[in-house]
Amino acid sequence: MAETYVNFLSGSSLNRLSWLRTSHAFLNAIALSPATRWILYQGGQPLLVADPSTRKRSLARLSAADVRPLLGKEPFFQQGQTEDELALDDVLILKAARFHGPPIVFLGLQEPQSGKADALPSSQFSAKADPAAVIANLKGTPFFSLDVTDVPQEALEKTFQDSEAGRAGAELSFSEPRAAMGSFDAFEASIFAEARSIVDWNARNKFCPSCGSPVYSIWAGWKLTCTSLLPWADNVGKELCPTGKGLHNFAHPRTDAVVIMAVVDQTDEKVLLGRNKKWPGRFYSALAGFIEPGESFEDAVKREIWEEAGVRVWNVQYHSTQPWPYPANLMVGFYATADSSQPLRTDLDNELDDAKWYTREEILAVLNHSQGTNITRGDHRTLAQAQEERDSSKEAAVSTANALAGDAVTDEEKKRKAQAPEEPSELPFRLPPITAIAGVLINEWAHRRAGPGATAAQAKGLL
């Protein structure tokens, strides 16, 4: 189960070609390839395109010709001190460096056969090979991201009007990302998650953690290094930055692990859910929390449930993971068992407004209700505002990730709800959709497809 379950935002089919991130010759050539597509972000918001006839929105994929006016002068990578200078090729800290123009990240290659990589780190696709030959051998669509946050609005509007989509009458606009996810198919969701996290990382990290000097991008947006190490840096009277020694001269893109748990009781007929103080009305979900230093995932599950609800858990079982790009979390899903006869407490860390045990029948009734897992645009705005107000707080990110992962309704959900019995007039509470890992954990347990009870039944050959 854990090996085959692919959550929304995960399952990327991109071959990231990471060994080519240092090859400026390849990157500068592939950036302008007619096959290449560009994903744009403005302040973390993705650019969407609305079909002129259906108004259906999707992730905009602009061509190299469309974005060429925004990229600045060549070279785009391995830039030197001046804007149009190609830096020396044998300087490690200048490999695919970019100092001038909007931030760019090379995301990877979408190959024709999903799950099969034709381009491998072999001599045929080596960073030392002729870039024209490498590109000629590639099959599929290369993807880049472009952060246009600091690009003047009039330049963006002209780019959109002159783009192929704009000339065809399509509307191009930036969208609040959580609401936008409801428009994405599986591939768009996965590339959105990769691009948004790495774009955000580049945008947030401006200074060296060791000496405080500004940092700059190398390796096609995947590394940051200290400007004090540059060949033309003025370091008179200064000590060498500690990041200039050993393997510590790079800052790596971060991913923060978060455990998220569906806790069931000994009878496997009840599940423990909580309601965060910042969530929309009547909304309950699985509990979650960040991993702390010196903890295993299992340790974090036990600690978080104790801190948030005051109960002890055991029998911790892994289910699956989900990337959550706000800004760069990995939600790690678990099931655990607790004693439902023990009192619940929400006054320990005061994060929850409420915590309750719900029966399987109560959960199924909400899942089968047409509005039971519906997340409105207003709900998204509420969550986004709450996170902005508490942006420095880890709990804000967990709260949002725990609750929502887009308002998309899958075909499976539509079919299930169409076949459901008549709905109750009053919806007692709401649950996350299965585009969120919390919704997956709850849904799979409710239908006896996962959880401690399902695992035990599978072991006995009953399922």
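Predicted model: local features only at pLDDT ≥ 70, side-chain atom pairs only at ≥ 80, totals over all residues.

Modeller: A polar contact is a pair of N or O atoms within 3.5 Å, where, within protein, one atom must be able to donate a hydrogen and the other to accept it.

The N-terminal end of H7 is capped by aspartate 185. A side-chain oxygen of aspartate 185 lies 3.2 Å from the backbone nitrogen of phenylalanine 187.

The length of H7 can be checked against expectation. The expected span is 1.5 Å times one less than the number of residues. For the 19 residues of H7 this gives 27 Å, and the end C-alpha atoms are 27 Å apart, so the two values agree.

Leaving aside residues up to four places away in sequence, serine 190 touches Leu9, Ser10, Gly11 and Ser12.

Most residues other than glycine have a negative phi, and most peptide bonds are trans. Against that background, the peptide bond from glutamate 74 to proline 75 is cis, with omega near 5°. Proline 75 belongs to the loop between helix H2 (64-71) and strand S6 (104-110). Another cis peptide bond runs from tyrosine 326 to proline 327, with omega near 0°. Here the proline is found in the loop between strand S14 (313-324) and strand S15 (329-338).

The loop between H2 and S6 also holds alanine 96. Although alanine 96 is not a glycine, its phi is positive, at about 55°. Alanine 96 is buried, with a relative accessible area of 1%.

Arginine 448 likewise has a positive phi, of about 60°, without being a glycine. Its place is the loop between helix H13 (437-446) and helix H14 (452-459). With a relative accessible area of 41%, arginine 448 is partly exposed, whereas alanine 96 is buried.

Terms used
Residues numbered from 1 in each chain as written. Heavy atoms only, no water. Contact = heavy atoms within 4.5 Å. Helix = DSSP H or I, 4+ residues; strand = E, 2+ residues; numbered from the N terminus. Buried < 20%, exposed > 50% of the residue type's maximum accessible area, 1.4 Å probe, protein only.
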